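The entries follow in the order in which I looked things up.

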Amino acid sequence: MASNKMILEASAKHPQPGTAFQYGTAGFRMKADLLDSVVFRVGLLAALRSRKLNGQTIGVMITASHNPPVDNGVKLVDPMGEMLEGSWEPHATLLANAKTDQELLDTYNWLAREVKANTDAPAHVIFARDTRASGPRLVECLTDALKAAGAEYTDYKILTTPQLHYLVRCVNTKGTQYEYGEASEEGYYKKLGEAFKTAMTHRKTSGSVTVDCANGVGGPKLRELIKYLPRGAEGGVDIKVVNDDVVNPDILNSNCGADYVKTQQRAPPSSKANPMDRCCSLDGDADRVVYYFIDESNTFRLLDGDRIATLAASFIRDLARGAGLLDELNIGVVQTAYANGASTNFVTQNLKLPVVCTSTGVKHLHHAAMRFDVGVYFEANGHGTVIFSDRALRTLDKYEPKSPAQHDALKILRALTDLINQAVGDALSDMLLVEVILAHKSITVNEWLNTYIDLPNRLVRVEVPDRNNFTTVEGTAERRLASPAKVQQLIDELVGKYKQGRAFARASGTEDAVRVYAEASTRAEADDLASKVAGIVR
Ligand code: NG1
Ligand code: ZN
């Protein structure tokens, strides 16, 4: 076959550097210098995936999110804008690790047979990258592969990760009853802008919101989005954009951004915000957002993914009730074990909504959320969204409100289905959602924070000789260890001694370490429990 020769020749330009690669929760991510062959091979896999799925369009995003500027990464987006199906992750790993060009070609052809993909069938791929300096070079590696594999492709240049997910979904739903939107960057802004305007009818946010863009792609994209948002008293939002310098590539994610704020538990040092000012931070590819403020005693207060989830769940539940649809719609919240226990209690006891706990990684949360009509899911680090099932969309579409109040609630609910990115967690969309909710509830960030009181907690990173020794019990959402022997029993005995104590240990999926999480009724107890569990693990 002609393409065999082309793949061999193209691959020769991007030799495997002798590194072992693994496609994980964040796709492939590492020093950008090592990624040429990986991105090339991801291109081959994207073509194969499209062929397997009858020529539907597959997305490829080149980004390393919150990692330092010297890193980069690549991940695949499935047709409805979701993460790559889990069963294909090992295929990506297999291709990335083929040692020679010939071995790569053999693996590619073997894989095509294995997944029953016809390598001559049409393939469609779209891709984008963040603002990293290594992006253009990696795009060339990608297009070399797509050309060699005979795939048709479109380069969407620089986008946020969620914008690419949006586009993939738009392209694949075009002309169907589930058409997601106009498949262009402008279409994304128009959709969000119009939904925001509808959701904000007769409302206005109080004060301003300062958005730290991590000096990443979120900066220019937010500035663009602002042009589509309503201005002035009616439905306006005053957005102050900071840390949006994408000209100097070295300052990306440096002392700013969602990851910095969440892990350091402080505002970016460059912040000029006054006490009680509403602030939020995006990460480097704008798929995560956390809110925060400095209180009157100058203490930093974080409103993380758990807080966004509880805020969204409470708002949507109230709207569903207001529209007379609370019994019709099965609303639920999905969290991981890292969610603060107080947030879980708030959802189950105050909101009276079900909570499901899944393993770490948004793909797990997304899948669990799909089982609800309205599934609210967020990781504590600020990555998440709200998804509406087809049944929920049909219900909202067909429902005839029985009063003006029901009509108003229904109108907002419908607007939310457009405002919220259904494909993936999206910092820009989530930020607008939070602004809408705060405006509707007429609450400040401080009042939002006081909805419930978090349990003191501590997250510790423990270096161990081999983290693979730490396996968890199936079905426990990584909350219980199966091995090493006796470790779980020791943790259980310890936890029992603490008031409102909860602790677990699991191997990180992204770092060579074990993470220990502990919470208890007081700061001292939470710290003590975490350090004792770390002692057991070590
Ligand atoms: P690991 O390293 O598996 O704990 C971390 C985060 C996840 C998620 C992934 C990236 C914590 C405790 N874990 O996972 O929430 O963001 O990275 O997909 O923050
Ligand atoms: Zn990210």
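I am working on a predicted model, and I began with residues 56–87, where the chain is 0% helix and 41% strand and the end C-alpha atoms are 18 Å apart. For residues 108–175 I noted 51% helix and 19% strand, with the end C-alpha atoms 33 Å apart.

I asked which residues of H3, which runs over residues 89–97, are buried, and I found His91, Ala92, Leu95 and Ala96. These residues lie on the same side of H3, because they cover an arc of only 130° around the axis. I then looked up what the buried residues of H3 pack against, and I listed strand E1 (28–31), helix H2 (36–52) and helix H4 (101–114).

I traced an open sheet of four strands in the order E12-E11-E13-E14, with mixed pairing. Its edge strands are E12 (355–358) and E14 (384–388), each of which pairs on one side only. On average, neighbouring strands of this sheet are turned by 20° against each other, direction ignored. Looking at one pair in detail, I found that strand E13 (residues 374–378) and E14 are antiparallel over five bridges, and that valine 374 has phenylalanine 388 of E14 as its bridge partner.

How values were computed: Residues are numbered from 1 along each chain as its sequence is written. Chains are lettered from A and ligands numbered from 1 in the order in which they are written. This is a predicted model: local features need pLDDT of at least 70, side-chain atom pairs count only at pLDDT 80 or more; totals for chains, interfaces and linings use all residues. A residue is buried if 20 or more other C-beta atoms lie within 10 Å of its own, exposed if 12 or fewer, and partly exposed in between; C-beta atoms are placed from the backbone. Helices (H or I, at least four residues) and strands (E, at least two) are DSSP runs, numbered from the N terminus. The arc is that of the directions from the helix axis to the C-beta atoms. Two residues are in contact if their C-beta atoms, placed from the backbone, lie within 7 Å. Two strands pair if DSSP finds at least two bridges between them. Axes are lines fitted to C-alpha atoms, for helices over the stretch in contact, and angles run from 0 to 180 degrees between N-to-C directions.
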